[in-house]
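I am opening a notebook on this structure, and I will write down each thing I looked up in the order in which I went to it.

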Number of protein chains: 4
Amino acid sequence: MSHLAREMYNENANALETLLLQRFRRIRRVSEALCAPLEIEDYLIQSMPDVSPPKWHLAHVTWFFEAFVLKPFLPGYQTPDPAYDYFFNSYYETHGTPFPRAQRGLISRPTVADVYRFRAYVDEAMEALLMHLPEENAEEIVRRTELGLNHEQQHQELLLMDIKHILAQNPLHPCYRSDLATPAAAVAPVAPLRWHAYPGGVCQIGADGSEFAFDCETPRHRVYLEPFQLASRLVTNGEYLAFIEDQGYARSNLWLSDGFALLRKNGWQAPLYWEKVDGSWYHMTLSGLQPIDEQAPVCHVSFYEAEAYASWAGARLPSEAEWELAAARLQPTGNFMENDYLRPVACDMLADTSPQQMFGDVWEWTASAYRPYPGFKPLPGSLGEYNGKFMSSQMVLRGGCCATPADHIRATYRNFFYPSMRWQFAGLRLAKEI
Amino acid sequence: MSHLAREMYNENANALETLLLQRFRRIRRVSEALCAPLEIEDYLIQSMPDVSPPKWHLAHVTWFFEAFVLKPFLPGYQTPDPAYDYFFNSYYETHGTPFPRAQRGLISRPTVADVYRFRAYVDEAMEALLMHLPEENAEEIVRRTELGLNHEQQHQELLLMDIKHILAQNPLHPCYRSDLATPAAAVAPVAPLRWHAYPGGVCQIGADGSEFAFDCETPRHRVYLEPFQLASRLVTNGEYLAFIEDQGYARSNLWLSDGFALLRKNGWQAPLYWEKVDGSWYHMTLSGLQPIDEQAPVCHVSFYEAEAYASWAGARLPSEAEWELAAARLQPTGNFMENDYLRPVACDMLADTSPQQMFGDVWEWTASAYRPYPGFKPLPGSLGEYNGKFMSSQMVLRGGCCATPADHIRATYRNFFYPSMRWQFAGLRLAKEI
Amino acid sequence: MSHLAREMYNENANALETLLLQRFRRIRRVSEALCAPLEIEDYLIQSMPDVSPPKWHLAHVTWFFEAFVLKPFLPGYQTPDPAYDYFFNSYYETHGTPFPRAQRGLISRPTVADVYRFRAYVDEAMEALLMHLPEENAEEIVRRTELGLNHEQQHQELLLMDIKHILAQNPLHPCYRSDLATPAAAVAPVAPLRWHAYPGGVCQIGADGSEFAFDCETPRHRVYLEPFQLASRLVTNGEYLAFIEDQGYARSNLWLSDGFALLRKNGWQAPLYWEKVDGSWYHMTLSGLQPIDEQAPVCHVSFYEAEAYASWAGARLPSEAEWELAAARLQPTGNFMENDYLRPVACDMLADTSPQQMFGDVWEWTASAYRPYPGFKPLPGSLGEYNGKFMSSQMVLRGGCCATPADHIRATYRNFFYPSMRWQFAGLRLAKEI
Amino acid sequence: MSHLAREMYNENANALETLLLQRFRRIRRVSEALCAPLEIEDYLIQSMPDVSPPKWHLAHVTWFFEAFVLKPFLPGYQTPDPAYDYFFNSYYETHGTPFPRAQRGLISRPTVADVYRFRAYVDEAMEALLMHLPEENAEEIVRRTELGLNHEQQHQELLLMDIKHILAQNPLHPCYRSDLATPAAAVAPVAPLRWHAYPGGVCQIGADGSEFAFDCETPRHRVYLEPFQLASRLVTNGEYLAFIEDQGYARSNLWLSDGFALLRKNGWQAPLYWEKVDGSWYHMTLSGLQPIDEQAPVCHVSFYEAEAYASWAGARLPSEAEWELAAARLQPTGNFMENDYLRPVACDMLADTSPQQMFGDVWEWTASAYRPYPGFKPLPGSLGEYNGKFMSSQMVLRGGCCATPADHIRATYRNFFYPSMRWQFAGLRLAKEI
């Protein structure tokens, strides 16, 4: 490398370092800000096996940087406690046996204060590393740091999902925050649902490498789509109520067999968090118990409920390719975490040349099982466990939600949950043939 | 309709009736022949919730004709016992609440003799109906009878799967039949695995309506496939043993997360039915406990085991579209029920211009989740529950097996099981990118 | 031993042998007679883990003679099948690992015919042995044969309990026998309940060795009893109905905590086998579904229900010592298996100087936990597992029932079941302080 | 009442009030002192359904005074939060539906600080009431306050049991307190076990009303005892180790059937909290992981283990009457909570005219099921649920333990646990016939 080249490299590298460092600080700060309203007691609860205590989330995302960046790349790095590697490894079996997931709520120590100390310790080490990136590993450090930050953003959404679930166990309906933002009051009911047509044919989906993406979004590849239509907005609580009142939860022919069996076993009558008080529907929110807003998108439904609703409505869910084809042309803007509503809100529908609410508000269940794209290769080493090993029995959701950081989403983003799960912010948009 | 036209119609109809009647008789007889080697006691056992007592199978397939053909279309038809409609409805919720599946093994009456009387009674009524098809409903009767016969063939395979599982509970390893056919002894080890290349592009899959097909095989539609290769034969027991001996069941990185959790919980160390006797592997077969034949295809593996093996082998499973593209060009011949081996046998590999063993021997796990094809419409009425409602969390298998009736299979046929299931005759074929 | 003594011994021994042989034949015949009304299919069902298939009962009682009499004492005895020792060992861990109890219903072979052949084979060997008792082991052979016959009688009652439970799974309410005996119709309602007083003090209970008794009935020992009263007859269905209608199953304060939790979990609203048809109570019986007879003793209640009823009635259950003190003075006559009613019947109450129905009709739950008597010693060897190892968490029942062989019961007899169990013929009698 | 009489009454009453008030303050303080070493995080954990979070204990004992003393007897008393009546009711069904026990660990609010505020609030109200006892209800208030204080002392022991179990979940073996007292080092091994003989006969057991006792200890009544012997001290860890090393956990004939099944299911190899580290036995204690002290009494064994050990040792457990007969002559002194060892310690055996360690160290499993004494009457109203409703399937333990407040125990005291439970400080003493 010539002297000039090296200088330019250094300059760019410095700019990159600075940017990454700023981003690192900003994202790390957000996680702590999300937990600021919590009592120490709230940090400890594991309300079901799928939920992790907030304390664990804060520590796990920190462990990720320690395990995958600091230990391999910061010479002389010493962990503050070797036990953390066992406690805060989520599921990386090739890294070492993780602490049993369902028992995360049984461990009082390390304390919340210990975890914040761990965060500060790792932050300091990360800052030292990022400020003086060792040249030979710079690329890999940046790549892994970027992955770690995206990982932490995923856990920010998980934190909000889990905090909601934790507080919802409490019959007092405690409020996470009473100062959440409120959208400008809608003057009129939400616009009627319309359809946008797409011609189909051979299309391309998947990440093209121009920006960060998880391995499961790659490779970009061709798919063949029949012509289809997509609904202009999300299904609303009001529409979903009509389904409930039309005995939707009692009509087996609308349901997948697994879904109807689950409905029966669990006695489902409505989405998660809904409860009837004196004849009216309310739901638990991050602001406590609130009346249902009929204009807002329905949320906290399982895939089974989404499919049953779609059958009832004479439509279907879009495939992930259909969704991505439509979304790829749009700006990824919408009601995200930064809006500080932390709940889906009614579609204001100012424009109608394209579907609204494609990004934000609620994750949209698709008709597609979460399986590898043709030619998919997971990341090398333990990071290969990040996505690939979950590719069975789960369904893809698209578009992000009101708890997703705005810069974390993109048209190619594939989220995934088991079809029975309801505690994520998930709703649906209808599709149909032409 | 002119006099001549009507006459021709009648003639064709009569030929059709005759054909259908012969086919009805033949298929009905096969079910009973399959049960002939059983003791009455064997007919009663439900060895796990997924298994049904053979008695129940014989009655259920008979109920199918009663419920969907005789009651709607044979005037004056009287059921021999109204309770049968409750006992022998499998899962048609819209037809009436079915008897709880997991309790089928708790019901001693109706007896086996009662069930055979029920079969004879329905056969007589069906023969009467088929011999004098009422003109106005002829088409629907034929369609439903054909469906009923295909349904019964599916249960013939289930009978063999379930009988094997039932007898395998018994530590004495009782023999279903000691007179099963044996293939001509292979003089040499099975040929090394080779690869067949396919160019991909926009292809068509699905049933085109030219022959009987289940609703889930429709509509025929276009898919885009990347170029791929398919293995020349099935994976053998010998190859799978190498995977076992290479610690395949202990290496988490080869496994889907759900699969590895299941393996741990259940202590899986080998395919279902395998057991080690004095240091050698044996497996329970329909001829009792037998040594493993290393040349024969591996069988009774779950989807998880199939994917783990493929990872270990540096390959992957084919998608169902890839499999169908390759199979569509081949004759659907192979080692089926009629061979009377009732176990997968070594590939004799006389020709090698195309993949061998695509049909018969073992169902081949594909990489594809069982979901509706674009534009899928289930059958109307209760028969709409036949396939569509199972389209979640299951995987597609292709090609039929050694327990499938030869005239029941075709290239478009989609079988499906949960990824954890192992009691069906399921194995795998490798695929990979080019 | 003098010549004369030996001659007398021989004569007595021959008489004993003849008596024992007759008794052996008679009791063995009864077991088969009880199964005569069954279809082969009925022999196979294990309707819950506590129930054994009738086939198993017939084989197990036979195995008992083989394992504990023939193998040790009949020179050259050969079992017809070594596997039977595994299949038909119930719970004698020191004899060898028994086949898992909950899986008895999963084994179709040996068949029912095999089991009857096993019975005939063992009977022949036993007859040979009993006809020529080897002098040196005569006493032990007689003792064990007697134990084996009492054991078989216990299983005769179990057969009737289990057959009832098996048939009750069937929504058709099949009839075990339609020709059961019927008591002479009661002309009047059952007499009002009266109380019999007992002074208490230091009493003796337990078997004194004068006749056959199980080890758990020994040793005879002193207990101190406060004065008490015992009800003149069993609690009737009519009385129990009043408890039900007074919201007995909803009033937690009447119930033991474990019982109320169980009631809630299982949704108990009435005794086992009761069901409401068009507003009237019926119950499953060995003659199929029958209306409740309000005069007959209530049956198929758990200990929890018995105690709750007693609380509601302002009384309590008797202790086993109280019960035995009262029973010891009475003839052990009553409604037993030989009456061929096979259900509890109304008290005819001809005499009232002492409590009625103390023997037969229903086993009476006592207030006593099943624990060893002071100085209890179990039988030596594997037979020590007969009773002693079950002495935790179970309650004592006394008096025999309508399914107990008449010569199997005595005042000292201790039966035992877990407090949650209901499929045995169990009811209750009230007691109270003076 | 004369003026003088009233004056004397008042004087006595004042003295009583003062005593009671002092006792109230002292006992309430102890509960908080026991929790002082905890982190807030420790207060939240419910490590198994039987364990309650320490926060819940502190609140529940406070609720007891509110529900049973303040609300009925302090005019104008206002609860600080009506929801507490739901959260902190343990099991008083007649008082209102309690919050589900197994979910106590899912509730983060009220917080620990809220609970301490609740305690202070109730303490203030109780002090006001106790300082000015209203004449007409004085007796009942004193009786209930006394019950409430005994109740709180029971929970002090539960707190220590539960804290130990909570911390034991943590693989780091955190220390509850590192400053626990240590007994003077034993100079010699514990004295060999000797036997003390008792003649038996008609004896009296149960509380005579001269001091506080729970309802289940009454009425005092006669029992008949055969002559028996009692071991001079508790079974030690060293003796128990010999049982373990003699394959005690593998020999089914030593065990009750339920116990052996549990042992197999749970893989028990040693008492709870024992673990082998590098070939040596350690156990979790309130001072963290410590080596086993062979001289100290064995602890944390189930009833099944206690009985199996006794069988192995050729002895048995004492009945509760035997134990009480022996204990009634002794001073109730021993190693209690106030010693601040919080673990059982070796017997120093200065005197040997009577059994040692009868009080304190470990609760002694007896051979007696926990059932009502003859003539037992529970307390009236909701307080009747205190003891009586638990009288099924549990066993009696006697003598208190190292975590029991010294003034809480007496010879008539009946503790009770299910035979499977091990987290209480329970060990055993041998008995045998003469």
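**Entry 1: a glycine in a loop**

I began with G388(D), and I found this residue in the loop of chain D that runs between strand 10 (363–369) and strand 11 (395–398). I keep in mind that the model is a predicted one.

**Entry 2: a sheet in chain B**

Next I turned to chain B, where four strands make an open sheet with mixed pairing, and I wrote their order down as 12-11-10-13. The edges of this sheet are strand 12 (415–417) and strand 13 (426–427) of chain B, each of which pairs on one side only.

How do strand 10 and strand 13 of chain B run, parallel or antiparallel? They run parallel, and two bridges join strand 13 to strand 10, which covers residues 363–369 of chain B. I also noted that E364(B) has G427(B), in strand 13 of chain B, standing opposite.

Helix 9 of chain B, residues 320–327, packs on this sheet and touches both strand 10 and strand 11 (395–398) of chain B. The direction of helix 9 makes about 130° with that of strand 10 of chain B.

**Entry 3: a helix in chain A**

In chain A I checked the length of helix 5, which has 31 residues (138–168). At 1.5 Å a residue this helix should span 45 Å, and I found its end C-alpha atoms 44 Å apart, which agrees. I then looked at burial, and because 22 of the 31 residues of helix 5 of chain A are buried, I describe this helix as largely enclosed by the rest of the structure.

**Entry 4: how the chains meet**

I laid chain A on chain B, which takes a turn of 180° and a shift of 0.0 Å along the axis, and the RMSD came out at 0.0 Å. That is the relation of a two-fold axis. The same surface serves both copies, as 100% of the contact residues of chain A recur in chain B.

The contact between these two chains takes 26 residues from chain A and 26 residues from chain B. On the side of chain A that touches chain B, strand 3 (221–225), helix 7 (257–266) and strand 10 (363–369) of chain A each supply at least two residues. The largest share, four residues, comes from strand 3 of chain A. By kind, I divided the residues of this side into 11 nonpolar, eight polar and seven charged.

I looked up the other contact too, and it takes 26 residues from chain C and 26 residues from chain D. Strand 3 of chain C gives the most to the side that touches chain D, with four residues.

Lastly, I searched for contacts across other pairs of chains. No contact joins chain A and chain C, whose closest C-alpha atoms lie 14 Å apart. I found no contact joining chain B and chain D either, and their closest C-alpha atoms lie 14 Å apart.

Key: Residues numbered from 1 in each chain as written. Chains lettered and ligands numbered in written order. Predicted model: local features only at pLDDT ≥ 70, side-chain atom pairs only at ≥ 80, totals over all residues. Pairing = 2+ DSSP bridges. Contact = placed C-beta atoms within 7 Å. Axes fitted to C-alpha atoms, helices over the stretch in contact; angles between N-to-C directions. Least-squares fit on C-alpha atoms with pLDDT ≥ 70 in both. Expected span 1.5 Å × (residues − 1). Buried ≥ 20, exposed ≤ 12 C-beta atoms within 10 Å, placed from the backbone. Nonpolar A, V, L, I, M, F, W, Y, C, P; charged D, E, K, R; others polar.
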